[in-house]
Amino acid sequence: MSETLANLLKETRTFPPPAAIAAAANVTDAAYQEAADDRLAFWETQARRLEWTKPWDQVLDWSNPPFAKWFVGGELNVAWNCLDRHVAAGNGGKVAIHWEGEPGDTRTITYDDLLKSVSQAANYLTGLGVVAGDRVAIYLPMIPEAAVAMLACARLGATHSVVFGGFSADSLSNRINDATAKVVITADGGYRRGKPSGLKSIVDEALQSTPSVEHVLVVRRTGQDVAWGEKDLWWHETVEQASTEHEAQAFDAEHPLFILYTSGTTAKPKGILHTSGGYLTQAAYTHHAVFDLKPETDVYWCTADIGWVTGHSYIVYGPLANGATQVMYEGTPDTPSKSRFWEIVDRYKVSILYTAPTLIRTMMKWGADIPAGFDLSSLRILGSVGEPINPEAWMWYRETIGHNNTPVVDTWWQTETGAIMISPLPGVTAAKPGSAMTPLPGIVADVVDDQGKSVPDGGGGYLVLREPWPSMLRTIWGDDNRFVETYWSRFDGMYFAGDGAKKDDDGHIWLLGRVDDVMLVSGHNISTTEVESALVSHPSVAEAAVVGATDPTTGQAIVAFTIPRGNVDTAGDAGEALIQELRNHVAKTLGPIAKPRQIMLVAELPKTRSGKIMRRLLRDVAEHRSLGDVTTLQDSTVMDLIANGMKDSKSDD
Ligand code: ATP
Ligand code: MG
């Protein structure tokens, strides 16, 4: 039988934790053994990091798989755990959020302030008739009110559905209707790339076809003119006038907390449902373990948008449950200049930074001299999420941003998993650049072949989860069948995540991209990730995306789209020479089987709004088809740029 997925890339570098971080780490090696000895008892211990109004009777009810119940019979209030208990412990004066708007305005919000705002919103929403179990859609820019609105829903037991502020009226109305939301919380607009963008106008358009919506609460952010209808209410005239006292009521551990639609790289968006006790337990534990958060001294910054699951688990619920002080930034990394992120790190003395490979590669393209102009010495831990991080991008992140001694934690997880599942621990793991390394304590992940059999070390295949975990999705909203079919039917008794992975010779896990993207070249299954990583390991390359295009001789042939680094000359013959050099470089790094048939030098790549490369569209270009659906593209002009501006080379060997 041929291999499920080829293992071509060899990486020998490892980076053990710095002694100081290892010595003071929140979580040590012992956690793995503890969880292996008794997984459920381990998760009970983690659940006790929260305060429960009523203890659970049973840790896990898995009698009706794949429908799990965690902490059965337990009761807690999620918002109370994120706010009131810190205030009650005397930490009300502590900064929860250093917020920075794109135009440069700032707000400093303490736990006291946040609790008051959330109480006001909870009181006003109650007045509007919102009760536990109702759905509330949130369509906001990255302003503190986004976190306030989410926590107010959590406090009332209302289920929030946050829709990323870049989505169209159509996407918004589909999501509102799927969840039959009663209230929409939005803003007049937000700032992106130096300009106020309209949000309220998009809500107005969406509301033409959303019969369930009774009220629209509008935060004034930009002050732009907005149309006003009878359902509309200004946040500052209503919420901000409400009482700042609100008593939180406890809800069942399995009470729905939020619905979040996956970003839609692959198919029709799915409304992923998360519940309360298990979700908060794992979000809080992983934030504590993977980022080694010291709430008294660390300043934490996650650059994700609140509209993605990363923003839910690692801006709102995990960090606030842990009493963190964090930075929240409204805008883009290049406004007003390409040094904006490093100014922020320098100004707030950020010590933990969590961002995405797309950003790291963009920073690589812009050049190391930009971060070099700032004091980044406060950084002690760096995290990555969203896509496989190429080893060279990982190295660049560590060396250029992390002054060559910060651990880099590459965290694998999904909207569906709710929290981090596979990642190094910064005080324990000797990390390898590009590898997510090891399932966290309490998580049972594996790589299996077509038949669902565990592959040996050195082999590649499908990434699966063998045991339920506390923050797992409970279903797809309104569609239990789709839940079972999508995630639990490929392999018996296992959750299949859609991703390919391999185990290296030491058994460490490397993500290889989505199995749908795997290329079949002359009978070999080659992952997009490995070829992309080989390209990025060339000093002239900042970013690469590869796809398999139909080929008469090899079945599929590798076509690569490559963004050169900022200082690289690609005019005329120089570009042609670079292309040949890159093809040979890949052949040398991975073997002749992986040599791209064709490489195009491009200025941009098509990405989803969460920053993931959309290979589907590149496949259309590579096969000279007209483009498929481009509505989830971050920037729809990118495809024109690629089609018109590319430097193309077809091989003759
Ligand atoms: P859709 O499921 O609608 O296509 P999506 O999968 O892009 O959307 P998310 O849940 O935000 O939505 O992304 C999860 C996916 O991101 C994972 O399945 C994996 O493919 C990728 N991913 C996330 N973190 C990592 C990582 N550290 N390494 C490799 N891949 C990652
Ligand atoms: Mg997905």
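# Notebook: a first look around

I started at Asp480, which is partly exposed, its relative accessible area being 40%. For my own record, buried means under 20% relative accessible area, exposed means over 50%, and partly exposed is what lies in between (1.4 Å probe, protein chains only). The areas come from the Shrake-Rupley method with a 1.4 Å probe, and for residues only the protein chains shown count as cover.

A note on what I'm looking at: this is a predicted model, in which local features need pLDDT of at least 70 and side-chain atom pairs count only at pLDDT 80 or more, while totals for chains, interfaces and linings use all residues; side-chain values use heavy atoms, with hydrogens and water left out. Residues are numbered from 1 along each chain as its sequence is written, and chains are lettered from A and ligands numbered from 1 in the order in which they are written.

Back to Asp480, which I found in helix α17 (residues 480–488). Helices (H or I, at least four residues) and strands (E, at least two) are DSSP runs, numbered from the N terminus. Which residues form a negative surface patch with Asp480? I got Asp178, Asp479 and Glu485. Patches take residues with over 30% relative accessible area and no salt bridge, joining like charges within 9 Å and nonpolar side chains (Val, Leu, Ile, Met, Phe, Trp, Tyr) within 5 Å. Lys and Arg count as positive, Asp and Glu as negative, and His and the chain ends are not counted. Each charge is placed at NZ of Lys, CZ of Arg, CG of Asp or CD of Glu.

**Aromatic rings.** Next I looked up ring pairs and got 33 of them. Rings of Phe, Tyr and Trp (its six-membered ring) pair if their centres lie within 6.5 Å; planes under 30 degrees apart are stacked, over 60 edge-to-face, and the rest tilted. Phe258 and Tyr279 are an edge-to-face pair because their planes stand at 85 degrees, with ring centres 5.1 Å apart. This pair links distant parts of the chain, with Phe258 in strand β14 (residues 256–261) and Tyr279 in helix α11 (residues 277–290), 21 residues apart. Phe258 is buried at 0% relative accessibility, and Tyr279 is buried at 1%.

Then I checked Tyr329 and Phe341: centres 6.3 Å apart and planes at 90 degrees, so edge-to-face. Tyr329 sits in strand β17 (residues 325–329) and Phe341 in helix α13 (residues 340–348), so the pair ties together parts 12 residues apart in sequence. Tyr329 is buried at 6%, and Phe341 is buried at 4%. I also noted one aromatic cluster made of Trp62, Phe67, Trp469, Phe483, Tyr487, Trp488 and Tyr495.

**Salt bridges.** How many salt bridges does a search of the whole structure find? It finds 34, each being a side-chain nitrogen of Lys or Arg within 4 Å of a carboxyl oxygen of Asp or Glu. Glu11 and Arg13 meet in one, 2.7 Å from N to O. Glu11 counts as buried at 18%, whereas Arg13 counts as partly exposed at 28%.

Asp551 pairs with Arg597, their closest N and O atoms 2.8 Å apart. Asp551 lies in strand β28 (residues 541–551) and Arg597 in the loop between α19 (572–590) and β30 (598–601), so this bridge ties together parts 46 residues apart in sequence. Both Asp551 and Arg597 are buried. I also jotted down a salt-bridge network linking Glu100, Arg340, Glu343 and Arg347.

**Asp292.** Lys294 forms a salt bridge with Asp292, the closest N and O atoms being 3.2 Å apart. Asp292 also has a positive phi of about 55 degrees, although it is not a glycine. I placed Asp292 in the loop between α11 and β16 (299–302). Is Asp292 buried or exposed? Asp292 is buried, at 2% relative accessible area; Lys294 is buried too, at 18%.

I found Thr180 in the loop between α8 (169–179) and β8 (183–187), partly exposed at 41%. Which peptide bonds did I note as cis? The bond from Pro65 to Pro66 is cis, with omega near 5 degrees, and Pro66 lies in the loop between β1 (58–64) and β2 (67–72). A cis bond also joins Thr335 and Pro336, with omega about -5 degrees; Pro336 is in the loop between β17 and α13.

**Helix α18.** Last stop: helix α18 (residues 528–536) has 9 of its 9 residues buried, including Glu530 and Glu532.
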